[in-house]
Amino acid sequence: MAVGIGDRIVYAHLGDEPRVLASNEKLLTSMAALDVLGPSFRYRTAAAATEHPRDGVLHGDLWLVGGGDPTLTSTDLSALAERLRASGLHRVTGRVVGDTSAFDRGWWAPGWLRGISRHYVTRPTALRLAGGDSSPEPEAAAALTVALRAAGVQVDGTTSVGAAPDGVAALAKIESPTLAQLLVEQNHESDNLYAELATKALGAPPGDDASTAAGARVIQRWAVRDGSDSTVRDGSGLSDQDRTSADGMVTMLLSARRAPWFRALYMSLPEGGQGTLSSRLAGVPVRAKTGTLFIRPASTLSGYVRTQAGTLVAFSVLTHDLPESTALSIEDGVVRTLAASSIR
């Protein structure tokens, strides 16, 4: 474990030992995403084509291109259809095609357990409806087709999926909530899909392939630059190869306090009695991220707690190979001790 105030670590016990992070990995994902993408970043979903409509008619296919929005709904696609209709579009001679290429369609990371890890996160594709099934792009394309027809746009072809060709240009777009808003859901509920989509978005700039591996490299480079010798395999912490020391975690949390996006990070973390802390630390002035792996036991808790003297302290407790009840007792005991202290 480690405890930090201001810009330095003031206490550590085995603080430099790399440990499995479990869902504390989401803290690294959150900080890297806030720093690289920014708290106001939004995922964009676009209706696109290789040519512009002529006299309200699009000759050819209409492509639905996702950007990784984990909140996308049929209602959102109805809004996209209305925007297309308002632009003058009244007929598509081809198909509505769900793009499969904006992110890679990989659903694996080193350290995931075969037959187990995928049960905790659905396939992180760039295009999918929230709560959707195992065929995300066809489902989304079909929903847009229905929405277009309801909006008065004739679609001649059948729904399809494929890789969007080079040169497609957006005819209309819709946007997700901001990254700052999305991180509240991600970190309060420890949502693995949100974290894996953010990881692929980090791997999306030119030269990378919008894959989990590419995004993990971005997060790892960011962590190392920020003073933590981390090993990153995914964005959610499902991998038991994700490694960071308690010292490294506290170093990053202290550095985050000086960042312009700190409030977004802080507000994304559940308070005691909220989210994944719903049965823990109620009434304690803490905001922290939990983490648990069951098959290869690890339990983690990292974040911020305010002392009786009003000082905001960064802490990280990373345990492994302990019974869950013992690990939680240790973590909560550390937080309660810090909260009751007069540390300044």
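Leaving aside its neighbours within four places in sequence, which residues is methionine 31 in contact with?

1. **Methionine 31.** This is a predicted model. In it, methionine 31 is in contact with Trp222, Met252, Leu253, Ala256, Trp261 and Leu265, once neighbours within four places in sequence are left aside.

2. **The largest core.** Met31 belongs to the largest nonpolar core, which has 35 residues. Leu28, Met31, Trp261, Leu265 and Tyr304 touch the most other members. Two or more residues each come from α1 (25–36), α4 (179–189), α6 (212–225), α7 (246–257), α8 (262–268) and β15 (312–320). Helix α7 gives the largest share, 7 residues. There is a general background to this: in soluble globular proteins, nonpolar side chains tend to be buried together.

3. **Aromatic pairs.** The structure holds 5 aromatic pairs. One of them joins phenylalanine 262 and tyrosine 304. Their ring centres are 5.3 Å apart and their planes stand at 85°, so this pair is edge-to-face. Phenylalanine 262 lies in helix α8, and tyrosine 304 lies in strand β14 (residues 298–306). The pair therefore ties together parts that are 42 residues apart in sequence.

4. **Buried or exposed?** Take the two rings of that pair in turn. Phenylalanine 262 has a relative accessible area of 13%. The cut-off for buried is under 20%, so phenylalanine 262 is buried. Tyrosine 304 has 0% relative accessibility and also counts as buried.

5. **A ring cluster and two charges.** Ring pairs link Phe262, Tyr266 and Tyr304 into a cluster. Tyrosine 266 has a charge over its ring as well: the charged end of arginine 287 sits there, 5.4 Å from the ring centre. Elsewhere, the charged end of arginine 114 sits over the ring of tryptophan 108, 4.5 Å from its centre.

6. **The open sheet.** In what order do the 5 strands of the open sheet run? The order is β10-β8-β6-β4-β11, and the pairing is mixed. The edge strands are β10 (160–162) and β11 (169–175), and each pairs on one side only. From one strand to the next, the twist averages 25°. Inside this sheet, β6 (residues 62–65) and β8 (residues 96–99) run parallel, joined by 3 bridges. Tryptophan 63 stands opposite valine 97 in β8.

7. **Helices across the strands.** Helix α2 (residues 74–86) lies across β4 (44–49), β6 and β11. Helix α2 runs at about 140° to β11. Helix α3 (residues 136–150) lies across β6, β8 and β10. Helix α3 runs at about 145° to β8.

8. **Strand β1 and its partners.** Strand β1 (residues 2–5) pairs with β2 (residues 8–12) in the antiparallel sense over 4 bridges. Alanine 2 stands opposite alanine 12 in β2. The hairpin of β1 and β2 has 2 residues between the strands, and glycine 6 takes a positive phi near 65°. Strand β1 also pairs with β15, again in the antiparallel sense, over 3 bridges. Here the bridge partner of valine 3 is phenylalanine 315.

9. **Both faces of β1.** In a regular strand the side chains alternate between the two faces of the sheet. Strand β1 is covered on both faces. Ala2 and Gly4 are on one side, Val3 and Ile5 on the other, and all are buried.

Technical notes
Residues are numbered from 1 along each chain as its sequence is written. This is a predicted model: local features need pLDDT of at least 70, side-chain atom pairs count only at pLDDT 80 or more; totals for chains, interfaces and linings use all residues. Side-chain values use heavy atoms; hydrogens and water are left out. A nonpolar core is a set of buried Ala, Val, Leu, Ile, Met, Phe, Trp, Tyr and Cys residues joined through side-chain atoms within 4.5 Å. Buried means under 20% relative accessible area, exposed over 50%, partly exposed in between (1.4 Å probe, protein chains only). Contact means heavy atoms within 4.5 Å. Rings of Phe, Tyr and Trp (its six-membered ring) pair if their centres lie within 6.5 Å; planes under 30 degrees apart count as stacked, over 60 as edge-to-face and the rest as tilted. A charge sits over a ring if NZ of Lys or CZ of Arg is within 6 Å of the ring centre and within 35 degrees of the ring normal. Two strands pair if DSSP finds at least two bridges between them. Axes are lines fitted to C-alpha atoms, for helices over the stretch in contact, and angles run from 0 to 180 degrees between N-to-C directions.
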